[in-house]
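Here are my notes on the charged and aromatic side-chain contacts, point by point. Have the structure open while you read.

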Amino acid sequence: MKRQAFFILCILLFCLCMGCGKISPSGQSDAFVEEERLTQDLTNLQSLNQPEEIVFYHKGKQRVYRKGEPQYTEIFRLNQERIGTGFRGAQDALQTAWSAVGEKLKTMDVLEYRYQSTHYPVFFCLDMERQERWVAQQEDGIYGFTSYSVELMDALGVERPEVPEIWSWEERFSQGELHSSTCVIQEPDEIIFYHHGKQVSYAKGSEEFAEILRLNQERNASIIFDEHGVQKEVREPQMEPTSREWKDEYLQQYDFLEYRYREKPFYSVYFRLSEEEKDNWLAQQEGKTIQMYSNARVSEELLEYLGLT
């Protein structure tokens, strides 16, 4: 009887040790699968097989969603919407070692499509930075980049970061370095005027739009000419980043123009309007920050046209 009990105890200990080998001390699943499996075509992400489980890695911990559960269905749908169609091949491959994926599971937000057998798992990084939003598959490499999805992060229960109200979650671009003397601000599709917490919109093609655009562009220009084509003696705007931090209350408290883009892939540009030269500056989103610049001259014509004098 004692021998039998000892034998059973040994078997239990052996099974426990085997189970411990599948989970690292940090609680992370080993990304590397030792047995031979099939890869899936990353040039057609919409054809990925539904996994048996979706694992969400967040702050070094795992949360598992199993096929058939309501949350699983929603997370799978949102992630498939986010990742788009697929990658073109070598030009989308990232020069990142596969071993780095396991380390990322400890520090970044990552989704794993986990298959019981047949296929290798597929990993999706959910970071806000575009260069970090990759898709990885063992034996096939690491590819990028995919879209960011606020809806997916909400479904995963991740608290949204505190960002200014003017933050755009869309995939857009900043208009170069605004402190460059060669930077040209693109014509917007709409101009919004903020005054006393209220907004007035001017559509492209209207007379008001054209006149506001002309006057504002003129005060931001490096060189101004009069009606005879003679250069005026004016101080060039200082297009330099400032240490001032954006406050959401600015649009409620001060006068602004916003260049809003719909057809073009640019973030909005905001222009502060003031009779004090030091208070004429602009701001735009640059990646994960709102960058502000000291720049423009005072334009009495623009202020008068907008009814501010």
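1. Start with the charged network: E53, R66, E112 and R114 are tied together by salt bridges. For a salt bridge, a side-chain nitrogen of Lys or Arg has to be within 4 Å of a carboxyl oxygen of Asp or Glu. Keep in mind that this is a predicted model, where local features need pLDDT of at least 70 and side-chain atom pairs count only at pLDDT 80 or more, while totals for chains, interfaces and linings use all residues. Numbering runs from 1 along each chain as its sequence is written, and side-chain values use heavy atoms, with hydrogens and water left out.

2. Strands here are DSSP runs of E with at least two residues, helices are runs of H or I with at least four, and both are numbered from the N terminus. R114 is partly exposed because its relative accessibility is 21%; the scale is buried under 20% relative accessible area, exposed over 50% and partly exposed in between, using a 1.4 Å probe and protein chains only.

3. Next, have a look at E171 and R133, a salt bridge with an N to O distance of 2.6 Å. Both partners come from loops: E171 from the one between helix 4 (150-155) and strand 7 (190-195), R133 from the one between strand 4 (122-125) and strand 5 (134-137), 38 residues apart. R133 is buried at 1% relative accessible area, whereas E171 is partly exposed at 37%.

4. R214 and E211 also form a salt bridge, at 2.8 Å from N to O. Both are in helix 5 (residues 207-220), three residues apart, or about one turn of the helix. R214 comes out partly exposed at 39%, and E211 is partly exposed too, at 25%. Across the whole structure, the search finds 18 salt bridges.

5. On to the rings: how many aromatic pairs does the structure hold? There are 16, counting Phe, Tyr and Trp rings (the six-membered one for Trp) with centres within 6.5 Å; planes under 30 degrees apart are stacked, over 60 edge-to-face and the rest tilted. W98 and F123 have ring centres 6.1 Å apart and planes at 65°, so they are edge-to-face.

6. One more for your list is the aromatic cluster formed by W246, Y250, Y254, F256, Y270 and W281.
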